Amino acid sequence: MKLLQAKGIKRNYGSLQVLKGIDLEVGKGEVVAIVGPSGAGKSTFLQILGTLDKPDSGEVWIEGVNALGLRDKELARFRNEKIGFIFQFHNLLAEFTALENVCMPGYIQGGKKEKDIVSRGKELLDLLGLRERANHLPSQLSGGEQQRVAVARALLNSPAIILADEPSGNLDSQNALDLHKLFFKLRDDFGHTFVIVTHNEELAEMADRRLLMQDGSMSE
Ligand SMILES: Nc1ncnc2c1ncn2[C@@H]1O[C@H](COP(=O)(O)OP(=O)(O)OP(=O)(O)O)[C@@H](O)[C@H]1O
């Protein structure tokens, strides 16, 4: 059983056929990059994989669960537990510290002890070289640090898969390279699995698979 399976994903916006029946299988510990021209539907596809958007037809299976078959509340819980998201703009909450932002998916999940959530949050900040930044607000962090906080947040619940949409799109080349290396370290050391939409060719070349999205279809 593959960790993630998307089958026959179709999505239209009005008369525009953005996704024309896309299949994708991702195994545990794989790093998959999706590239393609602007407007090709990469973000739309990633949103569907992340269960944030529903396709017009098709299926998304994660760890053997038919995600689109879940009801709203179950789906929200499943998403928070199984999927980590990293966006181009980190989307950190401005009024919360780095540590509080990282812990947020743990609080949302419910049923976890605050002490355990905080210790996991601190462990992740340590791992990502942000120990000294735990009590800083996002505005007090550099762009690279903010994005590493977002990575730590994505990892808090030890998700099955991490979906990243242009994660280095807002970073200078050195910070981008550092972030890319971090993804591979997280894969090598902990077996994390990534699907990354990117315009960054260097990252796409580093990935185990580079998929091209074009004209509503995807090819290797
Ligand atoms: N909510 C929406 N309503 C109508 N059309 C949309 C909507 N969202 C996306 N589209 C259209 O669907 C197409 C695919 O958009 P999408 O953002 O998935 O592309 P992309 O490949 O991620 O592009 P980019 O590389 O520029 O981010 C585009 O033509 C876009 O205009």
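The axes of helix α3 (residues 98–109) and helix α4 (residues 114–127) come within 9 Å and cross at roughly 130 degrees. That angle makes α3 oblique to α4, and the crossing is right-handed. On the α3 side, the contact is made by A98, L99, V102, C103, G106 and Y107. Facing them from α4 are I117, V118, R120, G121, K122, L124 and L125. Sort the residues of this contact by class and you get 9 nonpolar, 2 polar and 2 charged. Keep in mind that this is a predicted model.

Now stay with α3 and turn to another partner, helix α5 (residues 143–155). Here the axes come within 7 Å and cross at roughly 30 degrees. How are α3 and α5 oriented to each other? They are roughly parallel, because angles under 35 degrees count as such. This crossing is right-handed. From α3, the residues involved are A98, N101, V102, M104 and P105, and they meet V149, A152 and R153 in α5. By class, the residues of the contact of α3 with α5 come out as 6 nonpolar, 1 polar and 1 charged.

Next, α5 has a contact with helix α6 (residues 173–190). The two axes come within 10 Å, crossing at roughly 20 degrees, so α5 and α6 are roughly parallel to each other. Once again the crossing is right-handed. α5 brings G143, G144, Q147 and V151 to the contact, while α6 brings N175, D178, L179 and L182.

| Helix pair | Axes come within | Crossing angle |
|---|---|---|
| α3 and α4 | 9 Å | roughly 130 degrees |
| α3 and α5 | 7 Å | roughly 30 degrees |
| α5 and α6 | 10 Å | roughly 20 degrees |

On to the ligand. Which residues surround the ligand? They are Y13, V18, G36, S38, G39, A40, G41, K42, S43 and T44. Helix α1 (residues 42–49) gives the largest share of this shell, with 3 residues. By class, the shell has 3 nonpolar, 6 polar and 1 charged residues.

Finally, the wider view. The unreviewed UniProt entry lists residues 4–220 as "domain: ABC transporter". Over that stretch the chain is 38% helix and 26% strand, and the C-alpha atoms at its ends are 17 Å apart.

How values were computed:
Residues are numbered from 1 along each chain as its sequence is written. This is a predicted model: local features need pLDDT of at least 70, side-chain atom pairs count only at pLDDT 80 or more; totals for chains, interfaces and linings use all residues. UniProt positions are given in the numbering used here, feature names are shortened, and annotations may be inferred rather than shown by experiment. Helices (H or I, at least four residues) and strands (E, at least two) are DSSP runs, numbered from the N terminus. A residue is near a molecule or strand if its C-beta atom, placed from the backbone, lies within 6 Å of it. Ala, Val, Leu, Ile, Met, Phe, Trp, Tyr, Cys and Pro count as nonpolar, Asp, Glu, Lys and Arg as charged, and the others, Gly among them, as polar. Axes are lines fitted to C-alpha atoms, for helices over the stretch in contact, and angles run from 0 to 180 degrees between N-to-C directions. Angles under 35 degrees count as roughly parallel, over 145 as roughly antiparallel, 65 to 115 as roughly perpendicular and the rest as oblique. A crossing is left-handed if the near helix is turned anticlockwise from the far one by less than a right angle, and right-handed if clockwise. Two residues are in contact if their C-beta atoms, placed from the backbone, lie within 7 Å.
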